[in-house]
Amino acid sequence: MQATLTLSLTILNPLGIVTTTLPPGVVGQPYSLQCQVTGGTSPYTWTATNLPAGLTCSTGGLISGTPTAAGTGDVVLTVVDANP
C-alpha cells in the first residue's frame, strides 16, 4: 500500500533594511529620508525609536519633520513584512 501527498513549499527572501546611515539634519530645517528595505513580502510596516525631537517615522518608512534641538543619538529602525 502507498499514499502520496503533494505539498506546497515557499522559500522566502530574507527581510533586511538597506538604509545603513542617516544624513545629518539641521535645527529648524526640514528633514526627509525614505528608508529602504530588501526581501520579505510587502506591505512593510516601519517604526523608529529614539528619533531627535521634531522628527517622526511613518509606517511607510519616511523619516521627516523639522528637528528642534541639536544632539546625537542612536535611532533604532524596525521593519515588519507581511509574512507571519
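This is a predicted model: local features need pLDDT of at least 70, side-chain atom pairs count only at pLDDT 80 or more; totals for chains, interfaces and linings use all residues.
Trainee: Which pattern does the protein follow when read along the sequence?

Mentor: Happy to start there. The protein has 0 helices and 7 strands. Read from one end of the sequence to the other, the pattern is therefore β-β-β-β-β-β-β.

Trainee: In what order do the 3 strands of the open sheet stand?

Mentor: Strands β2 (31-34) and β5 (55-57) each pair on one side only, and they are the edge strands. The twist from one strand to the next averages 15°. The pairing in this open sheet is antiparallel, and the order is β2-β6-β5.

Trainee: Which residue in β6 is the bridge partner of Leu33?

Mentor: Good one to look up in the structure. Strand β6 covers residues 62-65 and pairs with β2 in the antiparallel sense over 4 bridges. In β6, the bridge partner of Leu33 is Ile63.

Trainee: How much of the protein counts as buried?

Mentor: Start with the surface, which comes to about 6,100 Å², with 57% of that belonging to carbon and sulfur atoms. A residue counts as buried under 20% relative accessible area. Of the 84 residues, the share that counts as buried is 19%.

Conventions
Residues are numbered from 1 along each chain as its sequence is written. Side-chain values use heavy atoms; hydrogens and water are left out. Two strands pair if DSSP finds at least two bridges between them. Helices (H or I, at least four residues) and strands (E, at least two) are DSSP runs, numbered from the N terminus. Axes are lines fitted to C-alpha atoms, for helices over the stretch in contact, and angles run from 0 to 180 degrees between N-to-C directions. Buried means under 20% relative accessible area, exposed over 50%, partly exposed in between (1.4 Å probe, protein chains only). Accessible areas come from the Shrake-Rupley method with a 1.4 Å probe; for residues, only the protein chains shown count as cover.
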